[in-house]
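Hi,

Here is the structure I promised to pass on. My notes on it follow below.

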Amino acid sequence: MAETYDATSRLAEGWAAVETVQRYVWACHLLGYQDADLTLHASHVRDWYASEDGVDLRALDADCAALKAAASAAEEALARQDAQAAALSSAWHGSGANASRDFLSRHANASVAAAAAVRTAAESLVALRDRLWSAIDAKVAATTAVEGRGARDDWAAAAQTVITSVGDRATASELVDQEVKPFVNNDVRTTWLEAMRLAVAEVVDAYDTAVAEITSEADAVFDVPGGLGPAWTPRADDAVATTTPAMAAPAAVPTSVSAAPAAWSPPPAVPPAPAPSPSALPPPPVEPAAMAPPSVPSLGAGMPDAGTGLSGFGQQLGDVLGSLLGTTDDALADPPELDDPDDLDEDLADDPEPEDDPETEDDPETDPACEPSPDEPPPAPLEPPPAPVEPAPTPAPLPPPAPPEPASATATPCEIAADELPQVGE
């Protein structure tokens with residue numbers, strides 16, 4: 001005999017009887033017997049019996065014990081809570097005490113609901129355990145009882161011969177038709193099958209009842225006390241203060257309520273200083289080498305250097321000579337050597353008229369470019385170049401020479417060039 005609530009062991013006690021009943025039913029089916037609840041397949045009888053196979057009633061029994069203990073603890077806590085609430089009512093009076101009593105009263109109601117729910121769950125599981133065990137035990141008892149009435153060796157051998165076709169199948173079929181088939185139709189189909197239906201219905205109803213009882217309890221809702229401490233709510237100006245630029249000085253926050261102004265707001269944000277315009281930026285430093293005046297191109301081996309102070313004037317003089325004489329760089333590279341300005345004047349006075357140059361088409365004296373035009377104004381005096389910017393440590397540059405006197409209207413360009421030559425060497 002299996003122990004109480006050991007469903008697996010109790011079902012195992014009736015499996016041998018189930019196999020005998022299944023063999024009888026299937027042998028009758030092979031000989032033409034039909035029943036929708038017994039002969040759909042070769043294991044239909046087994047399925048009826050094994051519907052509760054795997055149920056662990058021992059685990060359910062342990063859950064029942066745990067819920068019983070929880071229900072007992074909840075009831076003890078509920079009794080202690082009621083006693084403390086009564087003591088509080090006698091020791092504390094006033095509006096605060098009234099508010100506390102109201103809150104504790106709602107808490108007590110929720111505690112009663114929770115304790116009742118735990119107690120209901122424990123009782124429902126106990127009932128479920130007992131009903132499942134009773135249904136399983138009834139199935140095993142009904143199966144063994146039916147099989148006991150048909151436990152005959154000749155029936156079992158005849159049914160096996162009909163199923164396997166091993167042996168005298170004709171004799172076995174006759175025995176099955178005459179003796180086994182009435183047993184199946186009267187005992188198995190009525191008594192045993194009805195016991196199986198009742199057991200399955202009892203199991204289903206036990207589960208449904210337990211679920212309905214547990215879910216019928218009201219939910220226990222415990223209030224959360226509010227207002228037990230100061231609540232901080234961020235202000236709108238706090239969000240503005242977080243966006244104050246880093247360069248702005250933080251405003252002093254009042255350290256006491258009495259010192260706080262009526263309506264304090266953070267100081268306005270100081271906009272960043274605008275970037276200086278390009279025109280206001282100081283000029284970049286000038287390298288001393290870049291400030292040096294350009295050198296005057298040499299006018300020949302005999303021509304002395306004009307110096308740094310006359311560099312611009314010498315360049316202009318070179319351009320005038322090049323345009324008047326029509327010479328190239330090769331012609332200016334080796335001019336006649338001039339030893340003395342006075343000798344140069346005498347040579348120019350004694351020099352006969354120049355012969356025609358085969359490379360030129362017109363005589364310089366008859367060239368329209370050399371003839372002064374009455375309508376042409378006299379050439380403008382050469383302007384001295386602007387004084388270059390000298391660095392701080394260098395001495396001031398030499399003053400530029402006075403501009404040459406304007407040539408007369410009757411002087412030719414060649415005469416003007418001749419008058420300018422002595423001035424360069426001075």
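A word on terms before the notes: buried means under 20% relative accessible area, exposed over 50%, and partly exposed in between (1.4 Å probe, protein chains only). This is a predicted model, where local features need pLDDT of at least 70, side-chain atom pairs count only at pLDDT 80 or more, and totals for chains, interfaces and linings use all residues. Residues are numbered from 1 along each chain as its sequence is written, and side-chain values use heavy atoms, leaving out hydrogens and water.

I started with T161, which lies in helix 6 (helices are DSSP runs of H or I, at least four residues, numbered from the N terminus). T161 is buried, at 13% relative accessible area. Its side chain reaches the backbone oxygen of V166 at 3.5 Å. Beyond its neighbours within four places in sequence, T161 is in contact (heavy atoms within 4.5 Å) with V166, G167, D168, R169 and A172.

Now the packing. The axes of helix 6 and helix 7 (residues 169-215) come within 8 Å and cross at roughly 120°; axes are lines fitted to C-alpha atoms, for helices over the stretch in contact, and angles run from 0 to 180 degrees between N-to-C directions. On the helix 6 side, the contact includes T161, and on the helix 7 side R169 and A172.

On to helix 2 (residues 15-30): its axis comes within 9 Å of that of helix 6 (residues 153-164), crossing at roughly 50°. Residues meeting there include W26 and L30 in helix 2, and W155 and I163 in helix 6.

Cheers

Conventions:
Helices (H or I, at least four residues) and strands (E, at least two) are DSSP runs, numbered from the N terminus. A polar contact is a pair of N or O atoms within 3.5 Å; within protein, one must be able to donate a hydrogen and the other to accept it, and residues adjacent in sequence count only if both atoms are side-chain atoms.
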